[in-house]
Each structure stands twice: as C-alpha cells, then as structure tokens.
Amino acid sequence: MLQPQKPLTLSDARSVLQRGTARLWSAAQLSNNERFPHFYEAYKAGNYLQSVPRSDAVQTFRASAKYTLLLANRARHGWSATTVSRLCGEQEETDQHVLSECRDVADDRPSKWPDKSANEILWCGDRVAMSTAAKSMRKFLRRTMQ
C-alpha cells in the first residue's frame, strides 16, 4: 500500500533540486567552464523575450521549445500521423519551413530569412524580427485552421 508523502521542507526541496540539476548537467556532459555560456544565453534570451509583446514572446518560446501546433511537433508527441505542410503540401511542417521555406507564406516574411535557420530568426535579439517571426507563425497556423 502506498503511503502518503509528507510535504518537503525548504532544505529538502533545495537538495532535491540540486541533485536533479547535477544529474542533468552530468547527462549533458558539460564542464563548469561550459555551463556559464548556457546560462548566459538563457539570460539573454529571457531579456529578448521581455522586449517584445507577450503574445509574440509566448509564440517565440513555444517555437524554440518545439511546442507549437505544427505537424512535425504534433507527430513527435503522437498527435498527428503526417508531417507534410498543410498549406503547400511539399515539405515537412516545421518552424524552419514556416519561417523560411513555405511558398504560401512567402509574402509575410522578409526576403533575408531564407538564408537563416529558425533559431537565428527567433533568437536574433532584434525585437522587430522576433515579433515578425511570431506573427508569421501565428498567420500560418490560422491559415491551416481555416
């Protein structure tokens, strides 16, 4: 029979978090010298997200975490059987496809984007570009839902 768990004290919660974090860092096989750039990049990304409107920040974060409603992400979770783009029907529906390759949304994006990866577009630090990318993804998703 399962026993109910007692609530954790603050010191117990800290030790659990420290052990979990240590396990994650060791699984990633990063040395202490390599950890700082990861934290710094996350900090910079957080500041960038604070500089754009909330709806754009949410869309940007979802795209970077692969939690958008794009078919490639849905298929990864078992929610979709196909990954072919719902608009053009030619390539896999990923954030890279939406932001730089799909011909059906080409009029919604700047001409320089096809040369960049989706991460470069989403995390460039330019709040106008980040907002434009988020709006392009939302327009793509709206068109696919119609």
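Just after helix α3, K66 adopts a positive phi of about 65°. Helices here (H or I, at least four residues) and strands (E, at least two) are DSSP runs, numbered from the N terminus. This is a predicted model, in which local features need pLDDT of at least 70 and side-chain atom pairs count only at pLDDT 80 or more, while totals for chains, interfaces and linings use all residues. Residues are numbered from 1 along each chain as its sequence is written, and side-chain values use heavy atoms, with hydrogens and water left out.

The predictor's confidence in each residue is its pLDDT, on a scale from 0 to 100. Across the chain the mean pLDDT is 75, with 77% of residues at 70 or more. Confidence is lowest in helix α2 (residues 32-50), where the mean is 60, and highest in α5, where it is 85.

## Overall fold

The chain has 7 helices and 0 strands, so along the sequence its pattern reads α-α-α-α-α-α-α. Of the 146 residues in the chain, 29% are buried. Buried means under 20% relative accessible area, exposed means over 50%, and partly exposed lies in between (1.4 Å probe, protein chains only).

A contact here means heavy atoms within 4.5 Å. Among contacts in the chain with a separation of 6 or more, 43% are between residues 24 or more positions apart.

## The nonpolar core

In soluble globular proteins, nonpolar side chains tend to be buried together. A nonpolar core is taken as a set of buried Ala, Val, Leu, Ile, Met, Phe, Trp, Tyr and Cys residues joined through side-chain atoms within 4.5 Å. The largest one in this model has 15 residues, and L70, L99, A133, M137 and F140 have the most contacts inside it. Two or more residues come from each of α5 (95-101), α6 (118-122) and α7 (127-145). Helix α7 gives the largest share, 4 residues.

Leaving aside residues up to four places away in sequence, A133 touches L99, W113, I121 and L122. Another residue to look at is S136, which lies in helix α7. S136 is buried, at a relative accessible area of 6%. The C-alpha atoms of S136 and V105 are 7.7 Å apart, although 31 residues separate the two along the chain.

## One side of helix α3

Which residues of helix α3 are buried? In α3 (residues 54-64), they are D56, A57, Q59, T60 and A63. They lie on the same side of α3 because they cover an arc of only 165° around the axis. That arc is taken from the directions from the helix axis to the C-beta atoms. An α-helix has 3.6 residues a turn, so residues three or four places apart point the same way.

## Salt bridges

Side chains of opposite charge can pair when their charged atoms come close. A salt bridge is counted when a side-chain nitrogen of Lys or Arg is within 4 Å of a carboxyl oxygen of Asp or Glu. The whole structure holds 4 of them. One joins the side chains of D56 and R138, at 2.7 Å from N to O. This pair links distant parts of the chain, with D56 in helix α3 and R138 in helix α7, 82 residues apart. D56 counts as buried because its relative accessibility is 1%.

Another salt bridge brings together E90 and R103, at 2.9 Å from N to O. E90 is in the loop between α4 (71-76) and α5, and R103 is in the loop between α5 and α6, 13 residues apart. E90 is exposed, at 53% relative accessibility, and R103 is partly exposed, at 49%. R103 also forms a salt bridge with D104, where the closest N and O atoms are 3.0 Å apart. D104 is partly exposed, at 27% relative accessibility. Through shared partners, E90, R103 and D104 form one network of salt bridges.

How many disulfides does the structure hold? There are 0, where a disulfide is a pair of cysteine sulfur atoms within 2.5 Å. C88 is in no disulfide, and its nearest cysteine sulfur, that of C102, is 4.0 Å away. C102 is likewise in no disulfide, with the sulfur of C88 as its nearest. Both cysteines are buried: C88 has 11% relative accessibility and C102 has 0%.
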